[in-house]
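Please keep the sequence and the structure in view while reading.

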Amino acid sequence: MSTATTVGPARTRRADRPARRQDGPTPLMAVPALAFFGFFAIVPLFGVLALSFMSWDGLGDMTFAGLDNWQRTLANPTTHNAMRLTLMVTVATWLIQTPISLLLGVFMAGHQKYRALLGVLYFLPLLFSATAVAIAFRALLDPNFGMGQALGLPFLAQDWIGRPDLALYVVLFVIAWIFVPFHSLLYQGGARQIPASMYEAATLDGAGRVKQFFHITLPQLKYTIITSSTLMIVGSLTYFDLVFVLTGGGPGFATRILPLDMYLTGFRAHDMGGAAVSGVILITVGLTVAILLNRLSGAHKMESQMEGI
Amino acid sequence: MNFTKRAGAAALALSMVGILAACAGGARADAAPSIWTVGGGSEPMVRASLIDWNESNPDKYIEHEVIANDVFKERIRIALGSDTPPTIFHNWSGGPLREYVENNQVVDISAAAADLIDRVIPSVAANGIIDGNVYAVPYVQAAPVMFFYNREVFDAAGVSPPTTFTELLEAVDALQDVGVIPISLAAGSRWPLLMWIQYLSDRIGGPEVFNAVLDGEEGAWSHPAMVEALTRIQELVDRGAFGDAFGSVMADQQADTALVANGNAAMILQGAWAFPNMLGSSPEFVESGYLGWFAFPEVEGGVGDVRNVVGNPSDFLSVSAASTPEEIEVAEAFIAQNVLNDDRIEDLLSIGAIPPIQGIRDRIVGRPHDDFMLWKYDLVLNAPHFQLSWDQALDGARAQALLDNLSQLFLSQITPQDFATTMDALQ
């Protein structure tokens, strides 16, 4: 005991600088990560901002265009349509996925064996690449060779991704199919953190399952809901691969959301300036929403919900 | 603590290795001339030809990279824009080639390609020649667009291959009566839509109609022949010529040709590549002689030559101006000695493809499916004008708008007049 106490302070004294008083590794260790982040995220960010004031076709010389790209892009009906669709996708994604993920997650949090098995099955879509999922759904939904024909169900043999009035719903469905497992996983983790004693107390007080869900589970999952919603909303602003492969933005402009519009403008129509404007808008909206969500919900304070336990 | 420190050092070391590897990669690419070609139909042939070249010319070694078709345009544009292009690169001629020439990014290869250009069918060679100088040479097969049809389905409906647009409309009605989709159309892939406007505008008004668009003339899209062609398209759509579920049919999975092969649809307007595709996926259908073909019919009252064809005249190779003189020398030797030489012509013929070379009729006779090969060869050989696909011929901005608007036209979301007005605004 006495040796231990003498050795301890001796070590601290040898490295007796105020900075070393903190716990954890030295901040120097963050340098590689920060360097990567700065080089591959922050620098391009300013590059995109600068590009939005330039006129460039990707081949010739860049010329300064002033506010030209901004005026043109903000007045373009295709961009308006893309913004409207992106807003719709964001709102619909949240409305569809949150209740499903929440219920599935809480269900999977139970420790019964069959629930663990179902949990593994629900989790599967998350393992597939978005491109593969899009190709698979395109084949399944094909009116001539898809499941409508295979199963002999005429209702399923609709021209799902070929009709402008149906395509967006198909996109929303497939997005939900891919991402619900992820959010369910978040809620499962969240629900398992809730102490069993709370439910025991509630049961003793005569609260039923539904009451327990609304008065214990839901409030306890507050921060999980915020995390999941932030990921969902910011994620909907960047859906690209899935929609690109599934519909290519078509038919017509029916599923041409803003990230896709940005890609097509930049790399297909060779209007890098116009595409950069869309990029800046997406970044600004995404960051603003993420910060607002965090502030409004009070999550940045991250106060404990376990007081009194 | 000790562990995290070591992990941090490892990460740092790894990143250094990554950077070093990236530098080494760049250095290696500089050492030898390089060539980029696209993956797809002729890829095995092109691969073999490069291996052959490198074995017989070890002093003129060329590094070969194959890039997937869909991403090729973006990749080459980024490489050219950042001054790191390969020495020789694939392109489809047309608008992008014109841009490369305007930006001095490709070199004039007239001298090295003189012999080759003499042998190539003129309507094909014309695509790589700008202001009298050769900037690109064809290196694979010509792929004209034509109608393919299911003979069994045509017989069942009592229909024979139409030679006029009116006959085509009659055939559409008769085929609908027997309950098949008259014409299979991969509208989901969008580019097959182009074939219709290309052929119709050519048959109605001749190649001049689109040449005016290429030249950037004001109001070129409002040309009466263009508007009539657009109107004819909607006439076909309204008649149900393409069925009611063409919007999600994709050409890259060959769903469009499969519909014809299995008898759900009667005919299809597609590139010559549809033949080997169907031979691969439905051999019994092709081998038993149920697959027929015919040229795009004439449109009554039209002034265009019915022998004109549209499609891909060929794929082309250009030499980048950012190369060193030594690299350009190797590239010119490759073009003069290897591109479409006797061996390459044989390679193409042996896979049933048609090299865009004059005077090879005798070499086609006696090969498998030589009836189709000869018909296809004559179609290209006799064509006064071979129109490159419009999306390749135009610059990116107009090509993109064209596909968008054409897609809406086929969906009946806009009228021919809307189409013309929107496209004219971009001229």
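A143(B) lies in strand β7 of chain B, in a model that is predicted. Is A143(B) buried or exposed? With 25 other C-beta atoms within 10 Å, A143(B) is buried, because the cut-off for a buried residue is 20 or more such atoms.

Leaving aside neighbours within four places in sequence, A143(B) is in contact with G271(B), A272(B) and W273(B), and also with G311(B) and N312(B). Between A143(B) and G311(B) there are 168 residues of separation along the chain, yet their C-alpha atoms are separated by 6.0 Å.

## An open sheet and a helix across it

Chain B also holds an open sheet of 5 strands, with mixed pairing and the order β2-β1-β3-β12-β6. At the edges of this sheet stand β2 (63-67) and β6 (137-138) of chain B, each of which has a single partner strand, so one side of each is left without a neighbour in the sheet.

Which strands of chain B pair in the antiparallel sense over 4 bridges? They are β3, residues 88-91, and β12, residues 316-319, and in this pairing H90(B) stands opposite L317(B) of β12(B). Helix α15 of chain B, residues 325-337, lies across β3, β6 and β12 of chain B, and runs at about 155° to β12(B).

## Helix α9 of chain B

Helix α9 of chain B covers residues 191-205, and its 15 residues reach 22 Å from the first C-alpha to the last, which is close to the 21 Å expected at 1.5 Å a residue. The helix is mostly covered, with 14 of the 15 residues of α9(B) buried. Just after α9(B) comes G206(B), which takes a positive phi of about 80°.

The secondary structure of chain A comes to 14 helices and 2 strands. Of the 309 residues of chain A, 29% count as buried, and among its contacts between residues at least 6 apart in sequence, 69% join residues at least 24 apart.

The contact between the chains takes 28 residues from chain A and 33 residues from chain B. On the side of chain A that touches chain B, the largest share, 3 residues, comes from helix α13 of chain A, residues 258-268. The residues on that side of chain A divide into 15 nonpolar, 7 polar and 6 charged.

## Confidence of the prediction

Chain B averages a pLDDT of 89, and 93% of its residues score at least 70. Over residues 1-29 of chain B, however, the pLDDT is below 50, and this stretch has 9 contacts in the model beyond near neighbours in sequence. For the complex, the predictor gives an ipTM of 0.76 and a pTM of 0.81.

Methods
Residues are numbered from 1 along each chain as its sequence is written. Chains are lettered from A and ligands numbered from 1 in the order in which they are written. This is a predicted model: local features need pLDDT of at least 70, side-chain atom pairs count only at pLDDT 80 or more; totals for chains, interfaces and linings use all residues. The expected span of a helix is 1.5 Å times one less than its number of residues. A residue is buried if 20 or more other C-beta atoms lie within 10 Å of its own, exposed if 12 or fewer, and partly exposed in between; C-beta atoms are placed from the backbone. Two strands pair if DSSP finds at least two bridges between them. Two residues are in contact if their C-beta atoms, placed from the backbone, lie within 7 Å. Axes are lines fitted to C-alpha atoms, for helices over the stretch in contact, and angles run from 0 to 180 degrees between N-to-C directions. Ala, Val, Leu, Ile, Met, Phe, Trp, Tyr, Cys and Pro count as nonpolar, Asp, Glu, Lys and Arg as charged, and the others, Gly among them, as polar. pLDDT is the predictor's confidence in each residue, from 0 to 100.
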